[in-house]
Every structure is written in C-alpha cells, then in structure tokens.
Amino acid sequence: MSENILIELKGLTKRYGYGDTESFALHDFDLTIKRGEFIMIMGPSGCGKTTLLNIIGLLDRSTYGEYYLNGENVAGISSRRQSKLRAKKIGFIFQNFNLIEGLPVIENVALPLVYTGYGHTRRLKTASTILKRFHMNTREYYYPYQLSGGQQQRVAIARAIVGNPEIILADEPTGNLDSRSSHTVMEILKSIHEEGNTIIMVTHNPSLIPYATRVIRMLDGHIDTDIKTVADNQLPQPIEERASHRNKKKPDVTLPKKPNKKRKKNRRKK
Ligand SMILES: Nc1ncnc2c1ncn2[C@@H]1O[C@H](COP(=O)(O)OP(=O)(O)O)[C@@H](O)[C@H]1O
Ligand SMILES: [Mg+2]
C-alpha cells in the first residue's frame, strides 16, 4: 500500500541557535502518514508540535532531514514552489482563527482562491457554497469581530478547505472554544475527514481522541508513543480515487441542537 503514503519525514531535525544557545525543536524525527489518516498530536508545551505542523505545512523548513510529499522531496525546494504547493495542497486552522479583521467573512473564505485564477465573482460563489454548508451563510457580510469564537472558527475552517486541499493542519483548533463550539468544530473536521482528507491536528484535550485514527504523543522533539486506533484498511477512501465525485454537492454539516425557543417557534410556523 506504499502508493497510499502521503507524507514521509526522515531524520527531520529543527535546530534553533548555535553553540551555547543551540536547542532542538525536532530531533531526528521520522514519521510516515497515509492518506485518510486523522492524526492527533499531543504532548507538553514546547515539545515541538507547532514546529512539526509548520514544517509539514511548508510554512517553515527543517535544518536537516528529508520531507517527502506525494513522493517528492520538498525539503529543499524554492520558497516560491513551497508557496504554490502549500496553496494547492494544504489548509491551515489555528487556535486564534487568524481571520483578517478588515475583511467580511465571505472575502476571508474566498482569499485562498486568489491562487486558482478564478474571477472575483466565482471566488465569492465558491466561498458562499462552503459557508452555507457550515450554516454561516446568513453572516457572509459580517466582520470577524461580530462573530463568536465558534463561528469564527467555522469561517476559518471554510477558508482552510475552500481550495479543496488534500491535507488539513490544525494547531489546537478548539483551544479557545467552549465545549459546545469545540464539539461543532470537531463534527465539521470529522465530516471533512470522512470525505477522504488527511487531517493532522494538535490538541491538549484527551476527550477529542475518539475522532482520531491515530494518536501520536511527542516529548522533547521526538515521538514518545504512536498508536493507531483505526486499521489502515478502515480509513476513508483517499480523495483522488473519488475525483469524479468531487463536484457533487457535499452534505450540510449537522450541527448540535441548541436549546433555543425562538428557533423552535419559527420551525413550527413553517
Ligand atoms: N523561533 C524560535 N526560536 C527559538 N526557539 C524556538 C523558536 N520557535 C520555537 N522554539 C523552541 O522550539 C521548541 C518547540 O516549540 P513548539 O514547536 O512551538 O512547541 P509546542 O507547539 O509543542 O508547544 C520550544 O522549546 C521552543 O521554545
Ligand atoms: Mg504549539
């Protein structure tokens, strides 16, 4: 099943400083990731989780080592090519949402599509379709500050997946959310995973482990434990094999019900 390997890291090392100040955020790090995995990365603060995610996401480079993405060693490629690959293949979700405050929701979501060459209207239409799926369509022209944390993170997820990337990287995406919003975000990530995307997520929250197919615990820049909770042959079908279905409408995500009387009343009227 080697054709199913998406990412391979070999001897990856990230060093900061020299001599007396030398320290290693990652040390001789090996990891193989298959398509369709949902990996949770855990471990104490400072153990290298964000460094790992940033290198996988081509936002940062290792000091030594090899990084194969779809079989190509991307560790030494030019920054320009890294940016192109990143735009095409990788979607990011951050703890602090990282939305652009001066842009309305729909423009935030449409932003990654600038690289596709789509015209402005088509970019907005695509963004709108994704927002609808996450029940954010009534807030398309709100600004980020007008939204709750959970809503901002839904917008950020929409932005991460708008370009149909194969890999979703999430650095503590529920770290700033209450448990209800965390649940919503996890249900969205679950639905994205079930479509065949590969997700690598950093979290401190052990209650989210059931969403993962593999749990990696890191310690001081290396892997401490690595446990697969779902067998490889049970992983969702990789995205390429379903290429012909990709343009079909995706189902709306079912959000957990909110005990809201007003809503119930409205529903009865219909
Ligand atoms: N820009 C930097 N300069 C120097 N040291 C850094 C830098 N970024 C991260 N580090 C160090 O690398 C280690 C790993 O950091 P990080 O990947 O952010 O850990 P985590 O996300 O697990 O909390 C830490 O010891 C941190 O202090
Ligand atoms: Mg971190």
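Predicted model: local features only at pLDDT ≥ 70, side-chain atom pairs only at ≥ 80, totals over all residues.
I started with α1 and found K49, T51, L52, L53, I55 and I56 buried. That makes the helix mostly covered, with 6 of its 8 residues buried.

**Ligand 1**

Next I looked up what sits around ligand 1. Its shell is made of Y16, A25, S45, G46, C47, G48, K49, T50 and T51. Which helix gives the largest share of that shell? It is α1, residues 49-56, with 3 residues. I also sorted the shell by class and got 3 nonpolar, 5 polar and 1 charged residues.

**The four-stranded sheet**

I then followed the strands. Four of them form an open sheet in the order β2-β1-β4-β5, and the pairing is antiparallel. The edges are β2 (23-34) and β5 (72-73); each has a single partner strand, so one side of each lacks a neighbour in the sheet. I went through the pairing of β1 (residues 5-16) with β2 and found 8 bridges in the antiparallel sense. Y16 has S23 as its bridge partner in β2. Helix α1 turns up again here: it packs on this sheet and touches β1, β2 and β4 (64-69). Its direction makes about 125° with that of β1. Y16 is also one of the residues around ligand 1.

**The six-stranded sheet**

The other sheet I traced is open too, with 6 strands in the order β6-β7-β8-β3-β9-β10 and mixed pairing.

I picked out two pairs of strands. β3 (residues 38-42) and β8 (residues 198-202) run parallel and are joined by 4 bridges; in this pair M40 stands opposite M201. I noted that helix α5 (residues 149-161) packs on the sheet, where it touches β6 and β7 (167-171). The direction of α5 makes about 165° with that of β6.

The second pair is β9 (residues 214-219) with β10, antiparallel over 6 bridges. V215 faces I227 of β10 there. The hairpin of these strands has 2 residues between them, and D220 takes a positive phi near 45°.

**The core**

Which members of the largest nonpolar core touch the most others? I got I39, I41, V109 and A158, out of 62 residues. Helix α5 gives the most to this core, with 6 residues. I listed the contacts of V109, leaving aside neighbours within four places in sequence: A127, I130, L131, V155, A158, R159 and V162.

Last, V105, which I found in helix α3 (residues 105-110). Is V105 buried or exposed? I call V105 buried because 27 other C-beta atoms lie within 10 Å, and the cut-off is 20 or more. With neighbours within four places again set aside, V105 is in contact with L131, M136, R139, E140, Y141, Y142 and V155. I also checked V105 against A158: they are 53 residues apart along the chain, and their C-alpha atoms are separated by 9.8 Å.

How values were computed: Residues numbered from 1 in each chain as written. Chains lettered and ligands numbered in written order. Near = placed C-beta within 6 Å. Nonpolar A, V, L, I, M, F, W, Y, C, P; charged D, E, K, R; others polar. Pairing = 2+ DSSP bridges. Contact = placed C-beta atoms within 7 Å. Axes fitted to C-alpha atoms, helices over the stretch in contact; angles between N-to-C directions. Buried ≥ 20, exposed ≤ 12 C-beta atoms within 10 Å, placed from the backbone. Core = buried A, V, L, I, M, F, W, Y, C linked by C-beta atoms within 7 Å.
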